[in-house]
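Student: I would like to learn how to read a model like this one. Please show me the chain, and then take me through it.

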Amino acid sequence: MFRSINFIAMLVFLNFSRDITETAAASPLCDVVIFYLSPCEGFIKGGADPAPECCVGAKRLINELKAKEDRIELCLCLKAILPLLGPFDPNRVPLLGQKCGIKNFFPPITPATDCSKI
């Protein structure tokens with residue numbers, strides 16, 4: 001129950017925060033990213049291994065990416081929304097792929113990441 005409330009609160013917060021983030025955060029793909037990766041918040045912020053729901057969401061998200069442009073859009077979205085979570089470790093993004101068994105997931109995402117080279 002608490003997890004559902006936390007998830008809904010995060011979605012509401014991120015929806016209201018869009019005006020202060022990059023345009024990428026308003027894209028339809030970014031809504032999908034938020035939906036699939038919200039169970040990963042604790043892990044990305046430095047918590048223990050990702051929850052099973054996190055890995056399921058990450059795998060589904062990767063399956064949604066059909067073209068290089070999708071990967072670029074996902075990168076831009078992550079650059080926009082990750083700072084909204086508060087302190088996080090950028091190295092946890094590629095570690096998420098490793099822990100969930102996803103090849104070629106993503107490099108660390110920081111404000112300096114060049115998404116066109118993803």
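Tutor: Start with Pro83, which is found in the loop between α5 and α6. Helices (H or I, at least four residues) and strands (E, at least two) are DSSP runs, numbered from the N terminus. The model is predicted, so local features need pLDDT of at least 70 and side-chain atom pairs count only at pLDDT 80 or more, while totals for chains, interfaces and linings use all residues. Residues are numbered from 1 along each chain as its sequence is written, and side-chain values use heavy atoms, with hydrogens and water left out.

Student: Is Pro83 buried, exposed or partly exposed?

Tutor: Buried means under 20% relative accessible area, exposed over 50%, and partly exposed in between (1.4 Å probe, protein chains only). Pro83 has 45% relative accessibility, so this residue counts as partly exposed.

Student: Which residues does Pro83 contact, leaving aside neighbours within four places in sequence?

Tutor: Contact means heavy atoms within 4.5 Å. With those neighbours set aside, Pro83 is in contact with Leu78 and Phe88. Look also at Thr110: 27 residues separate it from Pro83 along the chain, and their C-alpha atoms are separated by 8.9 Å.

Student: What about Pro90, and where is it found?

Tutor: Pro90 is also in the loop between α5 and α6. Its relative accessibility is 22%, so Pro90 counts as partly exposed. Pro90 touches Pro108, Ile109 and Thr110, not counting residues up to four places away in sequence.

Student: Which helix holds Pro94?

Tutor: Pro94 is found in helix α6 (residues 92-99). Pro94 is partly exposed, at a relative accessible area of 25%. Not counting residues up to four places away in sequence, Pro94 touches Phe106, Pro107 and Pro108. For Pro94 and Phe106, 12 residues apart along the chain, the C-alpha separation is 5.1 Å.

Student: At what angle do the axes of α2 and α4 cross?

Tutor: Two packed helices are described by the angle between their axes and the distance between the axes. Axes are lines fitted to C-alpha atoms, for helices over the stretch in contact, and angles run from 0 to 180 degrees between N-to-C directions. Helix α2 (residues 28-37) and helix α4 (residues 52-64) have axes that come within 8 Å and cross at roughly 155°. That makes α2 roughly antiparallel to α4. Angles under 35 degrees count as roughly parallel, over 145 as roughly antiparallel, 65 to 115 as roughly perpendicular and the rest as oblique.

Student: Which residues make the contact of α2 with α4?

Tutor: From α2 come Val32, Val33, Tyr36 and Leu37; from α4 come Gly57, Ala58, Arg60, Leu61 and Glu64. By class, this contact has 6 nonpolar, 1 polar and 2 charged residues. Ala, Val, Leu, Ile, Met, Phe, Trp, Tyr, Cys and Pro count as nonpolar, Asp, Glu, Lys and Arg as charged, and the others, Gly among them, as polar.

Student: At what angle do α2 and α5 pack?

Tutor: α2 and helix α5 (residues 68-81) pack at about 65°, with their axes 9 Å apart. That makes α2 roughly perpendicular to α5. The contact is made by Leu29, Cys30, Val33, Ile34 and Leu37 of α2 and Asp70, Glu73, Leu74, Cys77, Leu78 and Ile81 of α5. These residues divide into 9 nonpolar, no polar and 2 charged.
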